[in-house]
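Here is a walk through one protein model, taking in a strand, the nonpolar cores and some charged pairs. Have a look at the picture before reading on.

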Amino acid sequence: MTSAFQDIRYALRTLAKSPGFAAIAILTLALGIGANTAIFSVVDTVLLKPLHYKSPDRLAMVWESLPRANVSHNVVSPPNFLDWQQENRCFSDMAVFLDQPSNLTGAGQPEQIAIQYVSTNFFSVLGVNPMMGHGFSLQGAGSSGQIVPAEAENQTGTNPAQTNAVILSYGFWKSKFAADPNIIGKTIALNGQPNIVAGVMGPDFDWYVSEFSFTHEHPQLWTPLKIRPEWHDRSKVGRFLRTVARLKPGVSLAQA
């Protein structure tokens, strides 16, 4: 230890005699350490830590292509998604999601938050369940797991698939509701409409796809996406959905 302290003191005296060299050396070390830390963080997240979904290697994003416009990667129209859901032979199930900003009121100061509208089978496609509460119930109308048709809504019922139900992210539950253990069943207001809290996701669930996101923020809650009757008409609706799907057993991504 004595020898080590002597070496440290000698190094400090040497650096003090050459402040310019010392500054460059310290800056170089800081940049090197920072770059290595950043690279390791990316590698650890992308390659070393598995995604917190059931069999994540069986999940795939599905996009539309526009050959005439030389676009191979585009958002999806609702009619096309409904056709894929019914006719595809590669995927066991498919779900869609759509990011939108929303105004939250009745929970402290009003604020704009990022929410994600999802088909009612979204969490089952990913193979995850809420940490608290339950997912969007699929009993009654809409039980196929498809986008819930507007005409099937039952605003007086108890089925979250037909009412305005929301599932909170873990971080939003902690920061906005102080990790309230009795949050399930309580009502929050989004854009002036009451919404029942049906569940809270666990801390490991961090679903976010930046491509074609309207908010460019991680969603703070999820709510069922209800398709409108006019969305069945290709002449009346554009492309704005993103699709995630789960491969059937024995089907590879190359085959899909």
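This is a predicted model: local features need pLDDT of at least 70, side-chain atom pairs count only at pLDDT 80 or more; totals for chains, interfaces and linings use all residues.

Residues are numbered from 1 along each chain as its sequence is written, and side-chain values use heavy atoms, leaving out hydrogens and water.

Let's start with strand S13, residues 242-247. Strands (E, at least two residues) and helices (H or I, at least four) are DSSP runs, numbered from the N terminus. Six of the six residues in S13 are buried. Arg242, Val244 and Arg246 sit on one side, with Thr243, Ala245 and Leu247 on the other, and both faces are covered.

What does S13 pair with? Two strands pair if DSSP finds at least two bridges between them. Strand S1 (residues 59-62) runs antiparallel to S13 and is joined to it by four bridges, with methionine 61 as the bridge partner of valine 244. Strand S4 (residues 91-105) is also antiparallel to S13, with six bridges, and here phenylalanine 91 stands opposite leucine 247.

Now for the nonpolar cores. A core is a set of buried Ala, Val, Leu, Ile, Met, Phe, Trp, Tyr and Cys residues joined through side-chain atoms within 4.5 Å. The largest one has 20 residues, and Val244 and Phe123 are among those with the most contacts inside it. Helix H4 (122-126) gives the largest share, four residues.

Finally, the salt bridges: a side-chain nitrogen of Lys or Arg within 4 Å of a carboxyl oxygen of Asp or Glu.

| Lys or Arg | Asp or Glu | N to O distance |
|---|---|---|
| Arginine 239 | Glutamate 64 | 2.5 Å |
| Lysine 176 | Glutamate 111 | 2.7 Å |
| Lysine 186 | Aspartate 180 | 2.6 Å |

Arginine 239 lies in the loop between strand S12 (226-227) and S13, and glutamate 64 in strand S2 (residues 64-66), so this pair ties together parts that are 175 residues apart in sequence. Arginine 239 is partly exposed, at 42% relative accessible area, whereas glutamate 64 is buried, at 5%.

Methods. Buried means under 20% relative accessible area, exposed over 50%, partly exposed in between (1.4 Å probe, protein chains only).
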